[in-house]
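The following exercises are to be worked through with the sequence and the model at hand. Each task is followed by a solution in steps.

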Amino acid sequence: MAFGWIDEQADLRRRAGLVRTLRPRAADAPLLDLASNDYLGLARHPEVTEGAARAARTWGGGATGSRLVTGTTELHAELERELAGFCGFEAALVFSSGYAANLAAVTALAPHGSLIVSDAGNHASLIDGCRLARATTRVTAHADPDAVRKALDAHDGPAVAVSDTVFSVDGDAAPLAALAEACREHGAGLVLDDAHGLGVLGDGGRGGPHAAGIAGADDVVVTVTLSKSLGSQGGAVLGPARVIEHLVNAARTFIFDTGLAPAAAGAALAALRLLRREPGRAARAGEVARELHTRLTAAGLGAVRPDAAVVSVRAPSPEQAVRWAADCRAAGLSVGCFRPPSVPDGISRLRLTARADLSGAEIERAVRVIGETRP
Ligand code: PMP
């Protein structure tokens with residue numbers, strides 16, 4: 001039978017307790033949300049939803065074509081200018097997702113015969129970029145600039161190091177300044193995925209590279225998503241104008257993909273302007289994360305010290321992580337559950353996101369529910 005192997009895989013998954021299912025979210029869900037990536041609570045902010053609605057009324061429901069044909073509107077150009085300016089880069093290029101932005105940055109900046117040095121904790125989209133690139137990839141120990149230096153030492157020719165700025169599973173930050181230095185010593189480029197840093201780290205949420213003093217450097221390229229702290233959808237690459245021009249001409253996920261939907265561009269632009277006007281939102285997300293961590297630790301729950309808005313709680317096993325998250329849900333709390341194959345074997349996690357708009361009482365309630373449902 002065609003696809004017979006699918007049933008075998010499904011069976012293995014069922015027996016390992018690793019089946020994933022989709023749970024449609026109701027518009028008025030009564031759950032306390034510590035699972036979404038809406039770090040600044042902007043996804044439903046009236047200015048953001050109005051930005052989306054206005055853009056759809058002006059430009060239509062879709063971008064109507066690829067960016068190089070009809071899919072670049074003045075709105076896209078405005079968003080790119082403001083995003084680059086906010087984060088401290090010369091230029092930006094918007095993509096239909098952060099995933100596509102990462103595939104673009106890695107594949108287009110690692111030509112045939114070059115070396116990619118990739119952190120062992122990198123996000124799947126960076127890993128897939130390495131797999132697609134016609135370069136050799138060396139995976140280095142997590143957050144280890146000396147390992148990056150050694151890998152670069154052993155290579156002759158173009159090279160690029162790639163790393164998340166804040167790692168999605170444990171919420172720990174990469175040593176950005178040291179990575180930039182290691183790359184600079186070797187004339188290598190540095191590609192950083194700031195999906196979890198934008199809107200949370202740096203002055204007013206200008207991101208991890210801005211906080212580390214490396215934004216705008218001519219050897220640093222940053223990718224972001226518009227789908228987390230900006231409460232919209234889409235992604236972008238930020239960097240020197242010559243790199244952005246190269247991506248326009250060489251990045252397949254830019255050239256062959258329909259442009260970002262105007263509504264998503266409008267929402268992201270509105271969120272960005274809000275963030276500029278209300279810079280305290282970024283610091284608040286960090287405060288909530290630290291408060292969550294302090295309370296979880298006091299309750300004897302093994303939480304990883306957060307560097308941004310992701311707070312990770314260790315679970316004894318994948319099965320227990322799944323049950324724990326389900327029990328939280330039954331008690332009115334929505335939390336993320338990370339388990340293999342999304343994360344390496346041996347580390348399952350409840351993943352909490354510290355939204356800037358969580359109140360002290362909500363933080364307290366979340367920690368109480370997590371403690372009471374602990375397996
Ligand atoms: N990078 C990281 C670190 C992420 O966590 C994500 C989202 N899960 C992405 C990239 C992909 O971004 P998007 O959802 O916009 O495709």
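**Exercise 1.** State which residues the domain assignment gives to domain 1 and domain 2 of this predicted model, and describe the side of domain 1 that touches domain 2.

*Solution.* 
Step 1. The domain assignment gives residues 21–44 + 279–372 to domain 1 and residues 46–277 to domain 2.
Step 2. Between the C-alpha centres of domain 1 and domain 2 there are 25 Å.
Step 3. The contact involves 23 residues of domain 1 and 24 residues of domain 2.
Step 4. On the domain 1 side, helix H12 (280–298) and strand S9 (310–315) each contribute at least two residues. The largest share, four residues, is that of H12.
Step 5. Sorted by class, this side of domain 1 has 15 nonpolar, three polar and five charged residues.

**Exercise 2.** Determine how the buried residues of helix H3 are placed around its axis, and what they pack against.

*Solution.* 
Step 1. In general, an α-helix has 3.6 residues a turn, so residues three or four places apart point the same way.
Step 2. The packing partners of the buried residues of H3 include helix H2 (46–59), strand S2 (91–95) and helix H11 (262–277).
Step 3. After H3 comes Gly88, with a positive phi near 90 degrees.

**Exercise 3.** Carry out the analysis for helix H14, naming both its buried and its exposed residues.

*Solution.* 
Step 1. Helix H14 (residues 360–372) has 13 residues, which should span 18 Å at 1.5 Å a residue; the end C-alpha atoms are 18 Å apart, in agreement.
Step 2. Ile363, Ala366, Val367, Val369 and Ile370 are buried in H14.
Step 3. Their arc around the axis is only 160 degrees, which puts them on the same side of H14.
Step 4. Gly360, Ala361 and Glu372 are exposed, on the face turned away from the buried side.
Step 5. Among the elements against which the buried residues of H14 pack are strand S1 (32–34), H12, S9 and helix H13 (318–330).

**Exercise 4.** Describe the shell of residues around the ligand.

*Solution.* 
Step 1. The ligand is surrounded by 14 residues, of which Ser97, Gly98, Tyr99, Ala195 and Thr225 are the closest.
Step 2. Helix H4 (residues 98–109) gives the most to this shell, namely three residues.
Step 3. By class, the shell consists of two nonpolar, 10 polar and two charged residues.

Definitions and conventions:
Residues numbered from 1 in each chain as written. Predicted model: local features only at pLDDT ≥ 70, side-chain atom pairs only at ≥ 80, totals over all residues. Buried ≥ 20, exposed ≤ 12 C-beta atoms within 10 Å, placed from the backbone. Arc of directions from axis to C-beta. Contact = placed C-beta atoms within 7 Å. Near = placed C-beta within 6 Å. Nonpolar A, V, L, I, M, F, W, Y, C, P; charged D, E, K, R; others polar. Domains from an automatic or database assignment. Expected span 1.5 Å × (residues − 1).
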